[in-house]
Amino acid sequence: LGQTPHNVVVAQVLYRLGLAEQLRGRNGGRVGAFSFDRASAMAEQLEAAGNEPLDFACTIMVLGKTGVGKSATINSIFDEIKFGTDAFQTGTNKVQDVVGTVHGIKVRVIDTPGLLPSWSDQCQNEKILHSVKRFIKKTPPDIVLYLDRLDMQTRDFGDMPLLRTITDIFGPSIWFNAIVVLTHAASAPPDGPNGTASSYDMFVTQRSHVLQQAIRQAAGDMRLMNPVSLVENHSACRTNRAGQRVLPNGQVWKPHLLLLSLASKILAEANTLLKLQDTPPGKPFATRARTPPLPYLLSSLLQSRPQVKLPEEQYGDEDGLDDDLDESSDSEDEPEYDELPPFKRLSKAQIAKLSKAQKKAYFDELEYREKLFMKKQLKEEKKQRKMMKKMASAAKDLPSEYGENAVEESSGASSVPVPMPDLALPASFDSDNPTHRYRSLDSSNPWLVRPVLDTHGWDHDVGYEGINVERLFVAQEKFPISFSGQITKDKRDANVQMELASSLKYGEGKATSVGFDMQTVGKDLAYTLRSETRFSNLKKNKAMAGISVTLLGDALSAGVKFEDKLIANKQFQVVMAGGAMTGRGDLAYGGSLEAQLRDKDYPLGRSLSTLGLSIMDWHGDLAIGCNIQSQVPVGRSTNLIARANLNNKGAGQVSLRINSSEQLQLALIAVLPLLKKLFEYSHQVQYGQ
């Protein structure tokens, strides 16, 4: 093709073939380290000798809109008229192929009927593309050329319906080995926005970018970067001494197009040797075999999940230690709330007349009484839970007709819908507080439907993000089954999450859970089947072991994990987990540690500190992350929340947030960026910028 080994495409082919040769050497023979100079010299010697004919053939399929020059490009590739062309009517009415020899290489080209871009013509396009799919079923093409005109510039993605139809019929993988061909490449570039002539290279770059971006959106993969080749088939095109057509930028287009096509075929075969791509025989454009995201699946496996409980066991501490710890934390000499003497709240005017010492004494007494009142409420809730457990256990021992009456009486009391607590909206500078948009009712209907809101959203983001559906079933009065599903949708993506879980207790502190999860991972759905077994070897120590199997696309991954939870006291607890995930012969393993320090008056206190460590090893790349979060009360109505995370790659983030309902002067900090902007503006004016 007249190219040197230092051409970018040629160098990439030589490098990939060298890797494939080394891989074969590891499996059998001995191959030294790859050397580009040695590989290029060997390639030039073998090509100069030319003794053995190349056992190499390439099948190319041509797709594109009507009138872009598909048949004319095929005629130019073979340097002879293979298909008739006409400027006033469609040249190709059915799928047909032609075989010939180009530069000593056997080339088979499949010509297809022209396609139309508008929405109303997609039914006709589907019929054409289905006929193409049947035609290539036995001998699928190696390369796809998608043709469009260089001089038909558009910025409104008018070809998107056609590109999406091609993707739906053949699958997104049709674009993995596709080359974008722009015909009429000798056209003069249009004038610029201010009437000046634009350069040819800039014209080609802009047109290529628009078409590549449309293909990325249609394929759903923003990492795609299809190569672009320019073509000019007009007989008046400038030629060189050898009679080859030359573009305005001086490029001889035919060798370049053949180089891209043949190089793509060679790289695809090298990828097969390197096990980077595995296309089943007889399946054109099969989905590329991708390595499953093992680190993501492993981190999901290592997450600690709560155990599904029966309705009478839903409320209370998950660790089952709230009774003992609460009773031990209560001081014996602490009076009850009802035993306190009467107390009258003061108005703001009365508080303003108090001295500093009197204000401190008043607020200390008020805070102390509020704390005792909340403790009283917690004790009453605990007594009510115990009574409900006793009533539920007693109802099981009664005859069936009495049990049914008890169920009817208990259900009739909750038939009146009760408003759910308002959602905590993200901090905003807007004047309104649209909590009414997210209110929902808790009724006798066992299905709980609630809106989904991103609590870390930006200002003015107060629309629905999605819906969440939950329900708890009980099978045979001892098997709790929990169902939860969530659908979120924004302007670009839609995410689906569904979880079905159940558990069985078969002893003191022993339980086994089984769950099925379905969630969106990228553009695919991941299906996970998991099981966990918990057991308490000590009163304050809980251990757990679990396994999971995940199906993502056509990749099956399996993982195992171990977890241990140490509860030192009501304030401090540590959770340690470790596990491994394998799939397609690949392995990732890691672990995590989370330590939590609560307030001594938990759950009444406001202080909370959390330390998290995570380690992940995949392909020999060790990732270590640390996350620290602390919430400290500063005064009676002011909280300071500090977060910091750092990894071994040198990346991290630190954030400080202060919430206050009394120190309103904190809002004056917003003046700083305004002053900074004014100072920069005056500085620019001073120097005449």
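Analyst: A residue is called buried when its relative accessible area is under 20%, exposed when that area is over 50%, and partly exposed in between. The model shown is predicted. Of the 689 residues of the protein chain, 33% count as buried.

User: What makes strand 5 mostly covered?

Analyst: In strand 5 (residues 178-183), six of its six residues are buried. Ala 178, Val 180 and Leu 182 point one way, while Ile 179, Val 181 and Thr 183 point the other way. In a regular strand, side chains alternate between the two faces of the sheet.

User: How do you know that strand 5 pairs with strand 4 (residues 143-149)?

Analyst: Two strands pair if there are at least two bridges between them. Six bridges join strand 4 to strand 5, so the pair meets the cut-off. These two strands run parallel, and Leu 147 stands opposite Val 181.

User: What joins strand 5 to strand 6?

Analyst: Three bridges join strand 5 and strand 6, again against a cut-off of at least two, so they count as paired. The sense is parallel. Val 181 has Ser 229 as its bridge partner in strand 6.

User: Why is Asn 226 called buried?

Analyst: The relative accessible area of Asn 226 is 4%. The limit is under 20%, so Asn 226 is buried. Asn 226 sits in the loop between helix 6 (200-219) and strand 6 (228-230).

User: What makes the pair of Asn 226 and Trp 175 a polar contact?

Analyst: A polar atom of the Asn 226 side chain lies 2.8 Å from the backbone oxygen of Trp 175. A polar contact needs N or O atoms within 3.5 Å, one able to donate a hydrogen and the other to accept it. The distance of 2.8 Å is therefore within the limit. Leaving aside neighbours within four places in sequence, Asn 226 is in contact with Trp 175, Ala 178, Val 180, Gln 212 and Ile 215.

User: Which residues touch the most other members of the largest nonpolar core?

Analyst: That core has 67 residues, and those touching the most other members are Leu 63, Val 109, Leu 145, Tyr 146, Ile 166, Phe 170 and Trp 175. The core draws at least three residues from each of domain 1 (1-51) and domain 2 (53-274). A second, separate core of nine residues includes Leu 294, Leu 301, Ala 577 and Met 581.

User: What makes helix 3 (residues 70-78) mostly covered?

Analyst: Eight of its nine residues are buried. Among them are Lys 70, Ile 74 and Phe 78. Helix 3 is followed by Asp 79, whose phi is positive, near 60°.

User: Why is Tyr 602 called partly exposed?

Analyst: Tyr 602 has 34% relative accessibility. Tyr 602 is in the loop between strand 18 (586-598) and strand 19 (608-618). Its C-alpha is 7.2 Å from that of Gln 571, which is 31 residues apart from Tyr 602 in sequence.

User: Buried or partly exposed: which label does Cys 58 get, and which does Cys 626 get?

Analyst: Cys 58 is at 1% relative accessibility, under 20%, and so counts as buried. Cys 626 is at 26%, so partly exposed is the label.

User: How many disulfides does the structure hold?

Analyst: The structure holds zero disulfides.

How values were computed
Residues numbered from 1 in each chain as written. Predicted model: local features only at pLDDT ≥ 70, side-chain atom pairs only at ≥ 80, totals over all residues. Heavy atoms only, no water. Helix = DSSP H or I, 4+ residues; strand = E, 2+ residues; numbered from the N terminus. Buried < 20%, exposed > 50% of the residue type's maximum accessible area, 1.4 Å probe, protein only. Contact = heavy atoms within 4.5 Å. Disulfide = S-S within 2.5 Å. Core = buried A, V, L, I, M, F, W, Y, C linked by side-chain atoms within 4.5 Å. Domains from an automatic or database assignment.
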